[in-house]
Amino acid sequence: MQLRLDDEDRQVAFGECLGRALEGHGRVHLTGELGAGKTTLTRGILRACGHRGAVKSPTYTLVEPYELEGVLVHHFDLYRLGDPEELEFIGGRDLLAEEALCVIEWPERGEGWLPPPDLEVVLRLADRGRDATLQAHSAHGRAALERLAAMPELAGCLVDTEGETAQ
């Protein structure tokens with residue numbers, strides 16, 4: 001699935017849709033260069049789960065937990081991870097439990113240690129805003145993509161195979 005997100009508001013709105021589609025659990029890997037909008041997208045995911053405060057990237061702490069309306073969300077930022085084994089020392093295995101929603105920025109830094117994602121989101125800087133490419137890696141991820149595709153609020157963001165925004 002590909003989307004064109006023309007501005008920050010669109011990115012947050014997409015994140016909210018994604019948060020609803022994930023239904024409070026699973027692992028999402030967010031990749032993209034610095035400034036691509038991984039934390040902005042996470043803000044939307046957290047809003048879908050009931051968070052109304054600020055969202056900052058846990059660059060130095062590696063993970064920020066949120067307990068929201070019966071949903072446990074772990075927001076990881078692995079940018080400053082020196083070695084994937086560091087995740088073991090912070091209790092990563094427990095934090096990546098199935099009953100939680102784990103949003104992981106810079107997952108390539110945890111390669112070889114992280115379990116596979118349910119959904120991978122690649123963000124790229126585009127002329128106006130960001131382009132997002134989503135790929136499912138599990139049954140839960142495929143179901144989330146199906147729910148996303150059916151959301152009318154995303155209709156104007158979906159990109160067809162020719163690269164044009166669907167109307």
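**Overall architecture**

Residues 24 or more positions apart account for 65% of the chain's contacts with a separation of 6 or more, a contact being heavy atoms within 4.5 Å. The model is predicted: local features need pLDDT of at least 70 and side-chain atom pairs count only at pLDDT 80 or more, while totals for chains, interfaces and linings use all residues. Residues are numbered from 1 along each chain as its sequence is written, and side-chain values use heavy atoms, with hydrogens and water left out.

- The chain comprises 5 helices and 7 strands; these are DSSP runs numbered from the N terminus, helices being H or I of at least four residues and strands E of at least two.
- From the N terminus on, the order of elements is β-α-β-α-β-β-α-α-β-β-β-α.
- The radius of gyration is 15 Å, close to the 15 Å that the globule rule gives for 167 residues, so the chain is as compact as a globular protein of that length. This radius is taken over C-alpha atoms, and the rule is 2.2 Å times the number of residues to the power 0.38.
- Along the principal axes, the C-alpha atoms fill a box of roughly 50 × 30 × 30 Å.

**Packing of H1 and H2**

- Helix H1 (residues 8-22) packs against helix H2 (residues 38-48) at an angle of about 45°, and their axes are 6 Å apart. Axes are lines fitted to C-alpha atoms, for helices over the stretch in contact, and angles run from 0 to 180 degrees between N-to-C directions.
- On the H1 side, the residues in contact include Val 12, Phe 14 and Leu 18; on the H2 side, they include Leu 41, Ile 45 and Ala 48.
- The residues of this contact divide into 6 nonpolar, 5 polar and 5 charged. Ala, Val, Leu, Ile, Met, Phe, Trp, Tyr, Cys and Pro count as nonpolar, Asp, Glu, Lys and Arg as charged, and the others, Gly among them, as polar.

- Buried residues of H2 are Lys 38, Thr 40, Leu 41, Thr 42, Gly 44, Ile 45 and Leu 46.
- Their cover includes H1 and the strands E2 (26-31), E3 (63-68), E4 (71-77), E5 (101-105) and E6 (119-125).
- Gly 50, with a positive phi near 110°, follows H2.

**His 74**

- His 74 lies in strand E4 and is buried, with a relative accessible area of 5%.
- Not counting residues up to four places away in sequence, His 74 touches Val 63, Glu 64, Pro 65, Leu 95, Ala 100, Leu 101, Cys 102 and Val 103.

Definitions and conventions: Buried means under 20% relative accessible area, exposed over 50%, partly exposed in between (1.4 Å probe, protein chains only).
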